[in-house]
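Subject: Structure handover and findings

Hello,

Here is the structure for you to open alongside this note. My findings follow below it.

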Amino acid sequence: MRWGPTLRPGGKTEFALWAPNVREVTLVIDGGPDVAMETRDGGWFTGATDAPPGARYRFRLPGGLEVPDPASRLQNGGVHGWSVVTDPHDYDWRQNDWHGRPWEEAVIYECHAGVLGGFAGVMARLPELRDLGVTVVELMPVAAFSGTRNWGYDGVLPYAPAEAYGTPTELKTLVDRAHDLGLSVLLDVVYNHFGPDGNYLGAFASDFFHDAHTPWGQAVSVGREPVARFFIDNALMWLNEYRFDGLRFDAVHAIDDDAFLDRMGRELRQACEGRHINLVLENEANDPDRLEGPYDAQWNDDFHNAAHVVLTGETASYYEAFADKPAQRLATTLAEGFSYQGEEIRPGHTRGAPSGHLPPTAFVNFLQNHDQVGNRAMGERLSLLVEDEALKAATALLLLSPGIAMIFMGDETGSRAPFLFFTDFHDELADAVREGRRREFAAFPDFADPARRERIPDPNAPATFDASFPELGPQADEWRKLYRELLRIRADQLVPHLGNCISLGSDVVGEKAVSASWRLDDGSSWHVLANLGFTEIERGRPPGKTVFEIGDLSDGPSCIFTREAP
């Protein structure tokens, strides 16, 4: 059985719902007669009726509760409203010869569709991103959520694009236009929990969940076949119907089922054979085994955390685990991917396993992303926390190191606008989210005073969302010029030789300075020496021809890359 509506010949649509908690389900068609759905094995209900694309429907449970289709492809009236029948084949694709780009070419630009003006707003930015040197646009989650403003991780209808962002056709148009410009598009998907408002699954399929809880909601039972099928088919929809070039899987450690992850990855690869499909994990466990199968890479929080401590000196919260020797931890991430490879990250809790055998392209490195900016109380970017000289040196280190580089929207213009945590909940839930958000920061010295915590923006206020637009920084043209130069060098001199790139080691050469080297597939050596502070370094220029240099190695923040012939 497959979730959701399926168009049949003759104008009929067949509907399917897994509802093992109830004995009967009624299909309600807006403007049409109700249909008693037939009981199938395993808790499934099916029903077919005249319901062409555009027809609105929902399901009535015993007792009268009417619920949207959890596999709705389109909503009308929000997540509590009507589901809408769609035709998955009604879009006339222009770029039918597009097969994606090799993963080694990836330079990722993470963005939030809502902040940028919906799917149409993102599409309008594509030419300038292409000209900048970006090759992959990654959308934060777009699945339908409660209200009109949300990061996307509170989605409750994973198959339906959020109405606030645009229609399915507009999303397909965005992907099509990206392909026309030579850009791949990734989508962030959330398969570990559902949001707190608009999830009706518990009313008719409580076995969809199990007793464990994630930090964001009740965990899902992917060990049950209908649940596994729900998520795998959702991933296939995004890759095949919408033609996304890959997916970023949010917080898979909270799914806690490696067999499901491996199965899903294999099925996606098989279904998309012949295309360059990029599958990327977020995984707090730092498990290198997941990166030796169907998945290309993992977001490398260790690189970010180490670089952030080196740049800012901040050691509160999760940065505490990187406070002991941040430069060494940064150097380790350059050479081996993960900094924590089985060591104790906090008392009684180890993290990771050896990862030095993996290629640099198995790690997505970044200086900022939605989490690392937005989970700060005031949403400050590095442009407000560190000197421009140090941030430029760190940007060079990021973009010219062999790991896959990711940029967060606004980085490329030196934006100083915050990216805040925002939602659109109401009444008691809004109060709980607002006060819970403020309590999270009570342990931080800067917010120990309750009066200071009151200054933390209310996630539900429209002004919080409005403030998160990545306005241009005061030196936007200068930052764009730097990004274009770095990404041109990466595309011309580094990317063509990443196929069999291996690390030659790394070192700490100053309080905030590191060096690293790699062997490229043409036999040449790629070297970096980066000083992210204002202290002296203990090493001279690396060997080889200078590829890029910024700053003065003898005085303050600087970064130099060289290439040494075989």
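Two strands pair if DSSP finds at least two bridges between them. Helices (H or I, at least four residues) and strands (E, at least two) are DSSP runs, numbered from the N terminus. This is a predicted model, in which local features need pLDDT of at least 70 and side-chain atom pairs count only at pLDDT 80 or more, while totals for chains, interfaces and linings use all residues. Residues are numbered from 1 along each chain as its sequence is written, and side-chain values use heavy atoms, leaving out hydrogens and water.

**Strands around β7**

Strand β3 (residues 26–29) pairs with strand β7 (residues 56–60) in the antiparallel sense, over four bridges. V28 has R58 of β7 as its bridge partner. β7 is also joined by two bridges to strand β10 (residues 82–84), again antiparallel. There, Y57 stands opposite S83. R60 has E66 of β8 as its bridge partner. The hairpin of β7 and β8 has five residues between the strands, and G63 takes a positive phi near 100° in it.

**The barrel**

Eight strands form a closed barrel with parallel pairing, in the order β11-β12-β15-β18-β19-β20-β23-β24. From one strand to the next, the twist averages 30°. One of the pairings is β12 (residues 136–139) with β15 (residues 184–189), parallel over four bridges. V137 has V185 in β15 as its bridge partner.

**Helices α1 and α2**

Helix α1 (residues 118–132) packs with helix α2 (residues 168–180) at an angle of about 10°, with the axes 9 Å apart. Axes are lines fitted to C-alpha atoms, for helices over the stretch in contact, and angles run from 0 to 180 degrees between N-to-C directions. α1 and α2 are therefore roughly parallel (angles under 35 degrees). From α1, the contact (heavy atoms within 4.5 Å) uses F119, V122, M123, L126 and P127. From α2, it uses E170, L171, T173, L174, R177 and A178. Eight of the contact residues are nonpolar, one is polar and two are charged. Here Ala, Val, Leu, Ile, Met, Phe, Trp, Tyr, Cys and Pro count as nonpolar, Asp, Glu, Lys and Arg as charged, and the others, Gly among them, as polar.

**Helix α5 and its ends**

N300 lies in the loop between β20 and α5. At 0% relative accessibility, N300 counts as buried (under 20% relative accessible area, 1.4 Å probe, protein chains only). Leaving aside neighbours within four places in sequence, N300 contacts T333, G337, F338, F363, V364, N365 and F366.

Helix α5 (residues 301–312) is mostly covered, with eleven of its twelve residues buried. Among them are D301, F303, H304 and L311. The buried residues of α5 pack against β20 (297–299), α6 (326–336), β23 (363–366), α7 (370–374), α8 (382–385) and α9 (388–400). Just after α5, G313 takes a positive phi of about 80°.

**I560 in β29**

I560 is found in strand β29 (residues 558–564). I560 is buried, with a relative accessible area of 0%. I560 and I550 are ten residues apart in sequence and 6.5 Å apart in space, C-alpha to C-alpha. Not counting residues up to four places away in sequence, I560 touches H527, V528, L529, R541, P542, T546, F548, E549 and L553.

Best wishes

How values were computed. Angles under 35 degrees count as roughly parallel, over 145 as roughly antiparallel, 65 to 115 as roughly perpendicular and the rest as oblique. The expected span of a helix is 1.5 Å times one less than its number of residues. Buried means under 20% relative accessible area, exposed over 50%, partly exposed in between (1.4 Å probe, protein chains only).
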